[in-house]
Amino acid sequence: MAEKESDAAREARQIAHAHTQREEGRWVGGIKVEDNPFSAKLVERYNEAAEDLRACPHLQKNFDQPRFWVEAVPELLACKQCTPAVAREEQARANSCCVLCGSHAKLRGFTVASGPLVMRGGFCGDCEQREGPQL
Ligand SMILES: [Zn+2]
Ligand SMILES: [Zn+2]
């Protein structure tokens with residue numbers, strides 16, 4: 001762990017942690033994302049979306065701050081102050097598919113921080129039962 005964490009990365013981690021506590025979800029930012037099937041899939045989705053990503057005006061001015069991405073609103077990358085708008089859009093779309101199996105179900109949200117990036121998705125009960133212990 002010789003690499004120093006940037007301020008943006010540290011804030012992203014703290015925000016993801018706080019999110020997770022509020023929702024009583026699990027905190028998965030402290031482990032290697034690629035070792036976890038849910039977060040690995042979420043990162044994959046982010047990478048797929050990254051080509052068409054639109055950053056909010058604040059990020060366009062200063063990219064060195066925590067960045068937020070929600071799987072339900074894949075085209076948008078937002079700064080902290082824009083997250084309420086993203087959350088509204090997430091609710092409006094309500095196209096919640098399990099990040100792992102893709103089924104429409106009642107989902108539990110989870111938040112993953114990777115560097116300055118905070119990613120959010122949801123998983124269904126079946127997948128949680130199948131993969132849960134790894135999370
Ligand atoms: Zn913004
Ligand atoms: Zn599922």
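The model is predicted; local features need pLDDT of at least 70, side-chain atom pairs count only at pLDDT 80 or more, and totals for chains, interfaces and linings use all residues. Residues are numbered from 1 along each chain as its sequence is written, and chains are lettered from A and ligands numbered from 1 in the order in which they are written.

**Confidence**
- The protein chain has a mean pLDDT (the predictor's confidence in each residue, from 0 to 100) of 82, and 81% of its residues reach 70 or more.
- Over residues 23-31 the pLDDT is below 50.

**Sheet**
- Strand β3 (residues 73-78) pairs with β1 in the parallel sense over two bridges; strands pair if DSSP finds at least two bridges between them.

**Helix α2**
- The buried residues of α2 (helices are DSSP runs of H or I, at least four residues) are Phe38, Ser39, Lys41, Leu42 and Tyr46.
- A residue is buried if 20 or more other C-beta atoms, placed from the backbone, lie within 10 Å of its own, exposed if 12 or fewer, and partly exposed in between.
- The exposed residues Glu44, Asn47 and Glu48 sit on the face of α2 turned away from its buried side.
- The buried residues of α2 pack against β2 (67-70), β4 (108-114), β5 (117-123) and α5 (125-131), where contact means C-beta atoms, placed from the backbone, within 7 Å.

Definitions and conventions
Two residues are in contact if their C-beta atoms, placed from the backbone, lie within 7 Å.
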